Amino acid sequence: MKIEIEERVLHFKQPAGTSRGVYTERKIWLVYTDEDGVGECAPLPNLSCDDIPNYGEVLRRFCDEVERTGEISYDDMRDYPSMLFGLETAMTRFDNAFSRGEVGIPINGLVWMGTFDEMRQRIEQKLQQGFRCIKLKIGAIDFDAEIELLKQIRQRFGPREVELRVDANGAFPFEEALYKLELLSQYALHSIEQPIKAGQWSYMAELCRDAPLRIALDEELIGINDPDQKRQMLNIIRPAYIILKPSLHGGMMGVREWVEIARDMGIGSWITSALESNLGLNAIAQLCCDIYGDRITMPQGLGTGLLFTDNIPMPLEIRGSQLWTSKNS
């Protein structure tokens, strides 16, 4: 097997705002095998555990090893999840109900951070498009303004009509977190992702125990790649959910591992993309169906397929609030 690498920069249609900053472009590495496989390696700056200065050189070394052996060394690549995911994508062929275009996967409508008016307009667009699960990125504008947005939605739609999720990306100081979670809980939210910064296991465990709102871990999982450490962390914190991104949380192999460990502890999970192109999104969606089966009811975080002006064409389309493989492509 021979593998070639191509660096590429993707450009967002509109700035993607999170509490960590605003993205306007996205650097990725594409890996091509001589067996017509292609995968996307896409580390997130200042977030991925394998966001390293010599990324291309390290990726080349792993590709050389795969060329030599014909297989991926998972033990060697555990700490390089975005590289692992790209190589797994290039070397994996899924055959399931989603990849065959027989079923769609329910997804949430993602509302990026912005001004109050921008976020309200984006919420309206998602509701008009038919989404009944809305995820809001919070923590950037005034907290009272974010509460007002949630209040406006709840005045029009009850929790049975529209499921609301919020993602704080670690924006709350621990000293303020419980109070803010109590205020948020008035609006019948499904869950909140990562209310405080990662790495504060005892504080997060306290919030999971005391907050009147279900907490989901996201950034908390980054860099936790050893199975025993995964069990230890989940056993200490005991979240309601974990949210899994293959590029951040161990590639396809690591995501399967997380899901299995969480299930053993009675912890729920769902899978999301991490600002990949349609190439990575397609692989994540197929993995999602492979893990959860062809009757997924919990909305997944796979609504990022229209982010870039120069996206990679893939047979994906959103129908209502579901992601489908297009049979016409």
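Tutor: A salt bridge is counted here when a side-chain nitrogen of Lys or Arg lies within 4 Å of a carboxyl oxygen of Asp or Glu. By that criterion, a search of the whole structure returns 21 salt bridges. The model is predicted, so local features require pLDDT of at least 70 and side-chain atom pairs count only at pLDDT 80 or more, whereas totals for chains, interfaces and linings use all residues. Residues are numbered from 1 along each chain as its sequence is written, and side-chain values use heavy atoms, with hydrogens and water left out.

One of these pairs is formed by Arg120 and Asp117, whose side chains meet at 3.1 Å, N to O. Both residues belong to helix H4 (residues 116–128), where they are 3 residues apart, about one turn of the helix. Helices (H or I, at least four residues) and strands (E, at least two) are DSSP runs, numbered from the N terminus. Arg120 is partly exposed, because its relative accessibility is 34%; the terms used are buried for under 20% relative accessible area, exposed for over 50%, and partly exposed in between, with a 1.4 Å probe and protein chains only. Asp117 is likewise partly exposed, at 48%.

Glu124 pairs with Arg156, and their closest N and O atoms are 2.3 Å apart. Because Glu124 lies in helix H4 and Arg156 in helix H5 (residues 143–156), this pair ties together parts that are 32 residues apart in sequence. Glu124 has a relative accessible area of 26% and is therefore partly exposed. Arg156 counts as partly exposed as well, with 45% relative accessibility.

A further pair joins Arg231 to Asp228, with 3.5 Å between the closest N and O atoms. Both of these residues lie in helix H8 (residues 227–237), 3 residues apart, about one turn of the helix. Arg231 is partly exposed, with a relative accessible area of 39%, while Asp228 is exposed at 54%.

Of the 329 residues, 56% count as buried. The chain carries 36 positive and 50 negative side chains, and the centres of the two sets lie 6 Å apart. For this count Lys and Arg are positive and Asp and Glu negative, with His and the chain ends not counted; each charge is placed at NZ of Lys, CZ of Arg, CG of Asp or CD of Glu.

Phe12, in strand S1 (residues 3–18), is buried, with a relative accessible area of 7%. Not counting residues up to four places away in sequence, Phe12 touches Tyr23, Thr24, Glu25, Arg26, Leu275, Leu307, Phe308 and Thr309, a contact being heavy atoms within 4.5 Å.
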